[in-house]
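Hi,

Here is the structure I promised to pass on to you. Have a look at it first, and then read my notes below.

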Amino acid sequence: MAIVRDLAQGIISNQRRAISKALTLLESDLPNDASQALELLRRLPASNDHCRRVAISGTPGVGKSSFIEMIGCELVNRGKKVAVLAI
């Protein structure tokens, strides 16, 4: 899957276009896109000194969006880069 390989390399290289395309792929409901999205996630490092994946879940109304906004703004203020995929 050359597309997935290229997206993974682009994400690791911090290319905005690759990150945008990857988010679109991950949000897609198409069956072919789902398999590519899983492959993309397999190709990316789970965590390292430069990257963290965090999942946030909870019942409606408990403040997930407010928390994500607050922590995202704090990280940006510290000079970090943040991407949010909300499903």
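**How the helices sit together**

H1 and H3 are oblique to each other, because oblique is what is left over once angles under 35 degrees are called roughly parallel, over 145 roughly antiparallel and 65 to 115 roughly perpendicular. They pack at an angle of about 45°, with their axes 9 Å apart. On the H1 side, Val4, Arg5, Leu7, Ala8 and Ile11 make the contact, and on the H3 side Gln36, Glu39, Leu40 and Arg43 do. Contact here means heavy atoms within 4.5 Å.

Before going on, a word on the source. This is a predicted model, where local features need pLDDT of at least 70 and side-chain atom pairs count only at pLDDT 80 or more, while totals for chains, interfaces and linings use all residues. Residues are numbered from 1 along each chain as its sequence is written, and side-chain values use heavy atoms, with hydrogens and water left out.

Now for the other pair. H1 (residues 2-12) also packs against H2 (residues 16-27), at an angle of about 125° and with the axes 8 Å apart. H1 and H2 are therefore oblique to each other, and their crossing is left-handed. Leu7, Gly10 and Ile11 of H1 meet Ala18, Ile19, Lys21, Ala22 and Leu25 of H2.

Is glutamine 36 buried or exposed? It counts as buried, because its relative accessibility is 16% (buried is under 20% relative accessible area, exposed over 50%, partly exposed in between, with a 1.4 Å probe and protein chains only). Leaving aside neighbours within four places in sequence, glutamine 36 touches Met1, Val4 and Leu25.

Zooming out, the chain has 4 helices and 0 strands; helices (H or I, at least four residues) and strands (E, at least two) are DSSP runs, numbered from the N terminus. Of its 87 residues, 15% count as buried. The C-alpha trace spans about 40 × 30 × 20 Å along its principal axes.

Cheers

Notes: Axes fitted to C-alpha atoms, helices over the stretch in contact; angles between N-to-C directions. Left-handed = near helix turned anticlockwise from the far one by under 90°.
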